[in-house]
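Visitor: I would like to learn how to read a structural model feature by feature. Could you take me through this one?

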Amino acid sequence: MAMKTTALIISILFFRIVSGYAQEPTYYKDIAAITLTHCAPCHQPGEAAPFSLLTYEDVAKRASYIKKVVQSRYMPPWRADPGYRHFANERTLTDAQIALISQWVDDKAPEGKPSDAPASAHLPVPGTLFSRKPDLVLTTADSLHLPGDNAERFVIFKIPFDLKDSANVEAIEFFCNNKRLIHHANYAIQAVPDPAIDINNTVSYVNATDDDRTKVDQYMPYRKIMSYYGGWIPGTSYEYFPKEFGWVMPKRGVILLTVHYAPSATDETSICGVNLFFKKTPVTRVMKVVSFGSGGIGEGQIDPIFYIKANKVQTFTLEVTNPSGDQSLLYVWPHMHLLGKEYKAYITTPAGDTIKLVHIPDWDFRWQEIYRFPHPVKVTKGSVIHIEGTYDNTTDNPANPNNPPKNVFSMGDMKTTDEMMTLMMGFLPYKEGDEKIDLK
Ligand code: HEC
């Protein structure tokens with residue numbers, strides 16, 4: 001026994017020495033390609049993270065901190081259980097990448113030579129989480145002043161556009177100079193082809209909390225043809241439509257962007273908008289976004305009634321039958337608020353199969369991603385969509401906004417202190433062979 005242990009220790013030491021000589025990791029040779037791809041898109045000026053990870057100095061000065069957060073898998077943030085199902089946009093590091101970062105940190109973070117950097121070690125594109133510069137940036141007209149009075153605010157912005165031509169959308173991304181203030185944002189892309197309808201001389205925003213709400217009526221004429229409806233919640237990157245999938249950005253219209261600002265104790269300003277990325281190839285499969293649960297289909301059927309009692313941990317379920325023909329599902333986007341603890345969604349088919357959609361074992365309000373499937377998921381007619389949400393309304397939940405906990409009853413409401421149990425899904429009619437299409 002002792003002999004065996006000694007032999008094992010010697011061989012481990014030997015391996016360490018040999019591998020140490022053979023491939024001592026350096027920043028440029030090994031680490032930059034990982035941190036620039038997996039960390040820097042969020043850790044750059046203007047993005048959600050509190051500091052940059054763009055240079056050797058940025059990374060080296062936080063080396064031991066970085067080792068800790070990658071080993072615990074707190075960073076990069078990815079809350080979906082990889083044992084339940086994998087996604088095309090999975091952000092997790094591999095065990096080998098984590099080991100490499102850890103070894104580099106243990107070796108005192110050597111810099112190495114810039115000329116050793118592989119081609120993949122390039123800086124992220126500023127101002128976007130997508131891989132290239134946007135083809136079109138549409139921004140709110142003015143920066144909005146938000147007084148630091150701890151009030152929540154709902155503001156509806158109008159962003160008019162009049163392009164040379166319509167365009168096929170490959171990706172769309174919400175941006176804001178002050179993402180940390182935002183609870184969520186939704187945007188409707190409204191086509192307004194009729195030149196008799198003025199898109200410019202109406203108010204550029206309505207502050208639905210402080211203003212006269214009837215101002216919103218000015219936007220009524222725009223709400224006739226909706227080309228797309230998307231959104232952003234903390235943690236979300238961009239919405240991406242590969243290959244022949246997507247939607248078409250109309251030539252003329254407005255974006256109606258609703259931003260829900262969380263309470264803030266300091267004065268702030270906010271400039272938001274959307275980045276659009278176009279593709280030359282045609283969009284023959286136009287998708288739509290459908291929302292189930294709170295604020296969507298089946299809201300009234302949540303079981304039991306969506307009433308979360310103080311000092312209780314409770315699970316709610318929703319079952320909705322797919323009423324239309326066979327569909328292909330491209331992504332799911334789960335949503336709960338601060339009391340959320342665990343989230344699961346799956347489908348049962350009329351043939352008796354279960355299709356796993358997403359499981360988030362340890363819900364964190366700060367990280368809510370759009371989960372894209374590697375291949376379209378076929379949802380046959382008559383399939384049942386199941387959503388299960390567990391909520392922790394006790395003092396054990398550090399995110400609980402109420403201390404002592406309060407009863408929470410929510411119907412279609414979207415304040416941070418209310419709750420939601422929602423699943424948004426990107427759908428389109430099924431076509432033979434969809435399951436085989438690679439969506440990466
Ligand atoms: C999707 C965006 C995103 C990605 C990708 C990301 N981070 Fe972060 N990171 C954040 C945000 C936002 C915060 C601040 C919120 C927080 O601390 O929880 C943060 C916080 C941190 C912190 C401070 C943690 C703490 O406890 O205060 C470290 C260290 C860190 N990130 C390192 C990394 C490293 C290393 C990577 C890549 C391997 C990475 N991050 C990838 C968004 C991101």
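Visitor: How many Å apart are the mean positions of the positive and negative charges of the chain?

Guide: Lys and Arg count as positive and Asp and Glu as negative, with His and the chain ends not counted, and each charge is placed at NZ of Lys, CZ of Arg, CG of Asp or CD of Glu. Here the 45 positive and 49 negative charges have mean positions 3 Å apart. This is a predicted model, in which local features need pLDDT of at least 70 and side-chain atom pairs pLDDT 80 or more, while totals for chains, interfaces and linings use all residues. Residues are numbered from 1 along each chain as its sequence is written, and side-chain values use heavy atoms, without hydrogens and water.

Visitor: What does the radius of gyration say about the chain?

Guide: Taken over C-alpha atoms, the radius is set against a globule rule of 2.2 Å times the number of residues to the power 0.38. For 440 residues a compact globule would have a value near 22 Å, and the chain agrees, with 24 Å.

Visitor: Is strand β17 mostly covered or open?

Guide: Strands are DSSP runs of E, at least two residues long, numbered from the N terminus, and buried means under 20% relative accessible area with a 1.4 Å probe, protein chains only. In β17 (residues 327–335), nine of nine residues are buried.

Visitor: Which strands are joined to β17 by bridges?

Guide: Strands pair if DSSP finds at least two bridges between them. β17 runs antiparallel to β20 (residues 371–379), with five bridges, and Tyr331 stands opposite Arg372 there. Eight bridges join β17 to antiparallel β23 (residues 422–429), where Met424 is the bridge partner of Trp333.

Definitions and conventions. Buried means under 20% relative accessible area, exposed over 50%, partly exposed in between (1.4 Å probe, protein chains only). Helices (H or I, at least four residues) and strands (E, at least two) are DSSP runs, numbered from the N terminus.
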